[in-house]
2 protein chains.
Amino acid sequence: MFPSPILDYLESVRARYQALSDGNVADYIPELARVEPDRFGICIATRDGHVYEVGDSRHPFTIQSVSKPLTYGLALEDKGEAAVLAKIGVEPSGDAFNAISLKAQTGAPRNPLINAGAIAACGLVAGATVEQKSTHILDAFSRYAGRALDVDARVYASESATGHRNRAIAWMLRNFSILEEDPTPTLEAYFRQCSIRVTCRDLALIGATLANGGVNPVTGTRAIGEEYVDNVLAVMATCGMYDFSGEWMYHTGLPAKSGVGGGILAVEPGRLGIGVFSPRLDAQGNSVRGIAVCRELAADLGLHLFDPSQRAVPAIRLSTTRRSVASKRRRSHAAAEHLRHVGNRLRLYHLQGVLEFASIEPVVRELMAHAADSDCFIVNLRMVQHIDRAAIRMLAAIRTQFLGRGKMLVFTEASSWWQRLIDSGFDRDAFFADDDFALEYGEDMLLAQRFPDRGWEAKVPLANCALFTGLTGEQMAFLERLLERRSYHGGQAIITAGDKSDELFIIAEGGAMVSIPTLDGITRLDAFTSGMTFGELAFVDHSPRSANVTAIGDVECRVLTREAFASLDRDAPAIKIRLLENLALGLTGMLRQANRELAVLK
Amino acid sequence: MFPSPILDYLESVRARYQALSDGNVADYIPELARVEPDRFGICIATRDGHVYEVGDSRHPFTIQSVSKPLTYGLALEDKGEAAVLAKIGVEPSGDAFNAISLKAQTGAPRNPLINAGAIAACGLVAGATVEQKSTHILDAFSRYAGRALDVDARVYASESATGHRNRAIAWMLRNFSILEEDPTPTLEAYFRQCSIRVTCRDLALIGATLANGGVNPVTGTRAIGEEYVDNVLAVMATCGMYDFSGEWMYHTGLPAKSGVGGGILAVEPGRLGIGVFSPRLDAQGNSVRGIAVCRELAADLGLHLFDPSQRAVPAIRLSTTRRSVASKRRRSHAAAEHLRHVGNRLRLYHLQGVLEFASIEPVVRELMAHAADSDCFIVNLRMVQHIDRAAIRMLAAIRTQFLGRGKMLVFTEASSWWQRLIDSGFDRDAFFADDDFALEYGEDMLLAQRFPDRGWEAKVPLANCALFTGLTGEQMAFLERLLERRSYHGGQAIITAGDKSDELFIIAEGGAMVSIPTLDGITRLDAFTSGMTFGELAFVDHSPRSANVTAIGDVECRVLTREAFASLDRDAPAIKIRLLENLALGLTGMLRQANRELAVLK
């Protein structure tokens with residue numbers, strides 16, 4: 001009913017290039033010449049596994065040379081980078097795909113994407129027999145595509161029957177000991193590798209797997225170790241289109257690989273994979289429509305790797321200080337005044353996105369700029385998508401430097417990054433569950449500079465409670481007789497969410513915490529100590545309790561019941577008026593603080 | 001006092017590679033052989049113009065081949081891409097820097113970074129005489145570096161005196177009409193170009209300029225048209241290091257260019273530029289320490305272009321509905337109830353970062369997923385850093401489709417993107433100044449589905465005002481005598497920020513808006529109609545007025561002065577108690593709404 005504009009766009013591209021019928025299908029082996037030349041499919045698969053496909057996107061064809069970077073990646077995994085680089089270069093040859101292009105002294109193929117290099121890579125892949133190598137390769141390709149692929153037996157037979165030039169190349173590689181055994185099993189495995197059947201949807205998903213660090217985004221299965229993905233993409237970028245590679249990079253700017261089966265695989269690193277299938281080839285052996293469509297997609301969709309609009313998204317999502325945000329720990333008047341005064345010595349940052357060098361560098365600058373004028377730095381990592389080693393190194397260096405100067409730099413909501421940071425040498429003290437507890441810790445640090453021995457937590461006489469401001473001694477005495485006394489021991493529930501709300505609580509001594517249960521524990525909404533009131537909102541609007549209140553240590557409360565409060569209407573309206581005024585004043589203060597926080601967050 | 005960990009890191013790299021003294025200084029001309037071989041500088045310049053430099057980062061040397069991509073960019077600007085591509089290829093040659101590498105049929109140099117291609121590019125640069133060409137080139141390079149560069153006259157003289165091979169190349173280019181005039185002025189301009197003096201700080205800033213779309217980030221001056229930046233970076237990526245380019249891309253993954261003067265320029269597209277200076281060269285003519293340092297920086301700082309940790313940052317920063325956020329227009333009880341009921345038909349999104357295909361695609365999916373079940377879509381663009389053509393195309397397609405179905409898709413805070421979107425065919429109705437007004441528009445659209453003829457705006461009798469809930473007829477009559485009547489005409493100030501706050505306002509008829517002045521106009525904080533109260537917060541806590549209140553159309557108010565309110569203590573405490581209870585109830589409602597919004601924003 002509501003068509004996707006992305007599919008609409010792909011359809012329009014397909015319709016436009018449907019008429020392009022230049023080129024000829026590959027005919028160097030009889031089986032390839034049998035493909036239907038007008039088949040045409042386009043597919044884009046995103047890094048998170050969403051697939052957009054039009055035309056003959058599920059029509060099978062043989063993978064041919066598109067297999068080469070994948071087998072190269074497999075060789076890297078099986079033998080390690082040093083062993084592979086010793087046998088196969090990574091320089092573009094400037095030559096055609098079937099040129100032998102071996103280095104003069106060593107006989108090493110110039111790169112893994114010309115036939116010589118691809119056969120050498122196949123030789124390096126684990127497996128002693130044709131079957132072992134072939135199964136190993138087919139399994140790997142199937143993990144990339146996210147489904148069980150198979151070999152086109154007729155194409156394979158035809159490849160093997162006519163692959164004389166590749167046999168010559170293989171024996172030349174044997175001559176130079178690039179292949180160290182009889183090359184025949186490697187050659188047959190190579191012919192089978194080239195005859196694996198794929199669709200352009202498969203190619204797009206293979207591309208998305210490379211874009212996704214080697215994990216197929218639909219199945220979640222790893223197809224190649226993350227450490228080799230950049231190597232595979234690099235050889236595709238410099239050598240992927242043979243002697244058309246430079247021009248391809250110039251115009252399209254994407255690592256890519258074509259095959260004479262009519263497929264093209266292109267990758268926007270970190271973002272998406274593209275598969276195009278159209279069997280008519282140009283003189284260089286690349287799909288004519290495939291080249292044209294990829295160039296158009298790259299231009300229209302702005303996929304060019306060197307597009308200057310690419311940029312690091314600022315890592316700092318939010319930057320504020322204790323002047324605007326506060327822990328949920330309510331403070332006494334004196335403590336609150338001091339914190340207001342020194343509020344900008346406590347800083348809170350929310351980071352986001354990919355923390356890489358380019359995005360952490362401004363964070364480093366920001367932290368260092370306040371190194372002299374602030375004492376506490378809290379860095380929230382909840383919206384961070386990735387932290388690379390460079391970013392970890394910088395944050396660790398700053399934490400070490402700050403700790404040495406008696407400053408605090410801690411991280412909150414590190415959940416998915418916690419283990420990584422611990423493994424990188426961060427101590428556990430560097431982490432707080434959430435901003436609230438880190439803010440409280442920072443506030444306590446600032447308060448300790450002024451009030452020794454936690455003097456800011458002194459007990460408040462009942463008459464000095466904010467709720468009772470302005471009452472005369474006589475009124476206070478009258479009221480105290482109406483208040484119920486209740487005692488709770490540490491951890492005991494004072495209020496339970498869902499309860500009726502007919503009581504207002506005043507803490508005479510001790511502390512209490514308001515919290516709601518969450519998936520991974522509880523979230524603290526408020527925390528009170530002596531002299532403070534809680535439960536006002538539900539008391540005022542008669543809604544059920546929305547959160548739990550728990551005693552922190554032993555607590556002594558006074559409780560004003562709705563019944564007692566109502567009795568004041570008649571018995572002591574002046575007291576009632578004063579209480580309501582104080583209640584309204586408290587609500588106003590909370591509303592102003594909420595508005596300050598809203599202003600910061602917006 | 002607080003050293004930057006980034007400088008610390010660069011110092012550690014410099015110290016580590018100081019000991020590496022392999023290679024020899026260039027000696028093909030006498031002047032180059034005179035450089036001090038142990039000089040060593042490293043510099044990183046970020047896209048936003050922050051510079052980190054260590055060692056001999058300000059020591060001058062001649063730019064040599066690092067000039068080639070810059071002159072190529074200048075040729076693209078002066079002659080256009082088609083004319084330049086007709087004369088100079090973009091394929092890596094696989095050959096050494098001084099190989100002639102002309103294409104057999106046309107004589108076109110294989111690429112602009114071998115000497116033949118660089119001389120051809122110099123020939124294409126505007127200017128008929130040596131002086132004109134040289135000045136044009138020097139000016140362009142100076143814009144890249146952000147300071148006035150000059151030519152090392154002795155190196156130039158030496159280059160010119162010994163440049164016989166380049167003369168041979170130039171005459172060969174003349175033979176193929178790649179150079180169309182006497183090649184001598186071009187050659188001399190080329191020798192001067194290679195003799196321009198730079199520092200490795202200059203190289204880093206040249207790189208940062210390319211990373212920044214062609215604009216020097218320190219001076220803000222454009223050095224090259226944005227449309228050619230990707231072309232320059234593409235030839236650096238495929239051909240920048242001669243026959244070492246493939247290996248360089250494999251290990252370092254950054255477009256780069258080296259020069260025999262000892263400089264290397266590398267670029268992380270969209271992010272930063274690197275300059276390294278160390279004159280000892282390897283057999284391929286690249287700085288030995290330069291190669292080693294760049295490889296180390298790329299690995300340590302995760303700069304590799306194909307690093308799979310690169311990814312699009314999610315564009316959706318916030319996704320919510322009218323259930324959690326509301327316009328500042330306060331609604332009558334019936335209207336508020338209806339909006340609560342249908343709240344998820346009005347959706348608000350905040351987008352962020354770079355809107356490119358990979359990041360807009362999930363936005364497209366989200367909008368289409370709610371196309372059937374929602375009517376109003378508001379998209380806030382305040383945190384967007386860049387919108388590319390692909391993203392604009394997708395948003396335009398969805399807006400057109402939605403409008404055709406009677407749905408609304410509008411953009412807020414588009415400021416920096418407004419002109420771009422208008423130019424791309426968006427109509428002015430697609431834009432609202434901020435979320436508040438767009439939300440009100442969307443709410444009105446939802447209300448109109450239920451209440452015809454704006455029936456949700458009916459006048460409320462004074463006795464039905466929320467503030468007076470629960471008063472008896474007699475009490476109401478008593479109170480009305482205490483209330484002052486005030487009338488305002490449209491646009492008139494009712495309250496001015498900074499005023500004393502001794503009055504509480506009730507709207508009998510008409511509307512009013514609370515706002516604060518901002519840099520670009522005003523921000524609406526609240527809007528009221530008949531039956532609503534305003535001015536409570538300052539009335540309760542005695543603070544001065546924090547915002548302006550203005551009449552919307554003619555307004556009839558009732559005003560409760562602090563004096564009258566105080567008189568109730570004695571004269572009618574029951575009324576006072578009821579008013580305070582209603583006031584507290586109103587404050588509680590506002591606080592709950594603020595907490596809902598805070599929960600969404602966190």
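What is the mean pLDDT of chain A, and what share of its residues reach 70 or more? I start there because this is a predicted model, and where pLDDT is low, the predicted coordinates should not be read in detail. For chain A the mean pLDDT is 92, and 98% of its residues reach 70 or more. The model as a whole scores ipTM 0.86 and pTM 0.87.

Let me turn to the single chain, before I come to the pair. Chain A holds 21 helices and 19 strands, and its sequence is divided into domain 1, which covers 5-300, domain 2, which covers 316-456, and domain 3, which covers 462-601. If you take domain 2 of chain A and domain 3 of chain A, their C-alpha centres lie 31 Å apart, and the contact between these two domains takes 9 residues from domain 2 and 11 residues from domain 3. On the side of domain 2 of chain A that touches domain 3 of chain A, the residues divide into 2 nonpolar, 3 polar and 4 charged.

What about the overall form of the chain? A compact globule of 602 residues would have a radius of gyration near 25 Å, whereas chain A has 35 Å, and along its principal axes the C-alpha trace of chain A spans about 110 × 60 × 40 Å. Even with those values, buried residues make up 55% of the 602 residues in chain A. Looking at contacts in chain A between residues at least 6 apart in sequence, we find that 73% of them join residues at least 24 apart.

Now to the two copies, and here I would ask you to look at both chains together. Chain A can be laid on chain B by a turn of 180 degrees, with a shift of 0.0 Å along the axis, and the RMSD is then 0.1 Å. The two copies are thus related as by a two-fold rotation axis.

How many residues does each chain bring to the contact? Chain A gives 98 residues and chain B gives 98 residues. On the side of chain A that touches chain B, helix α21 of chain A, residues 573-601, gives the most, with 19 residues, and the residues of that side divide into 50 nonpolar, 24 polar and 24 charged. Finally, 100% of the interface residues of chain A are also interface residues in chain B, so the copies meet through the same surface.

Methods: Residues are numbered from 1 along each chain as its sequence is written. Chains are lettered from A and ligands numbered from 1 in the order in which they are written. This is a predicted model: local features need pLDDT of at least 70, side-chain atom pairs count only at pLDDT 80 or more; totals for chains, interfaces and linings use all residues. Copies are superposed by least squares on the C-alpha atoms of residues with pLDDT of at least 70 in both. Two residues are in contact if their C-beta atoms, placed from the backbone, lie within 7 Å. Helices (H or I, at least four residues) and strands (E, at least two) are DSSP runs, numbered from the N terminus. Ala, Val, Leu, Ile, Met, Phe, Trp, Tyr, Cys and Pro count as nonpolar, Asp, Glu, Lys and Arg as charged, and the others, Gly among them, as polar. Domain bounds come from an automatic or database domain assignment. The radius of gyration is taken over C-alpha atoms; the globule rule is 2.2 Å times the number of residues to the power 0.38. A residue is buried if 20 or more other C-beta atoms lie within 10 Å of its own, exposed if 12 or fewer, and partly exposed in between; C-beta atoms are placed from the backbone. pLDDT is the predictor's confidence in each residue, from 0 to 100.
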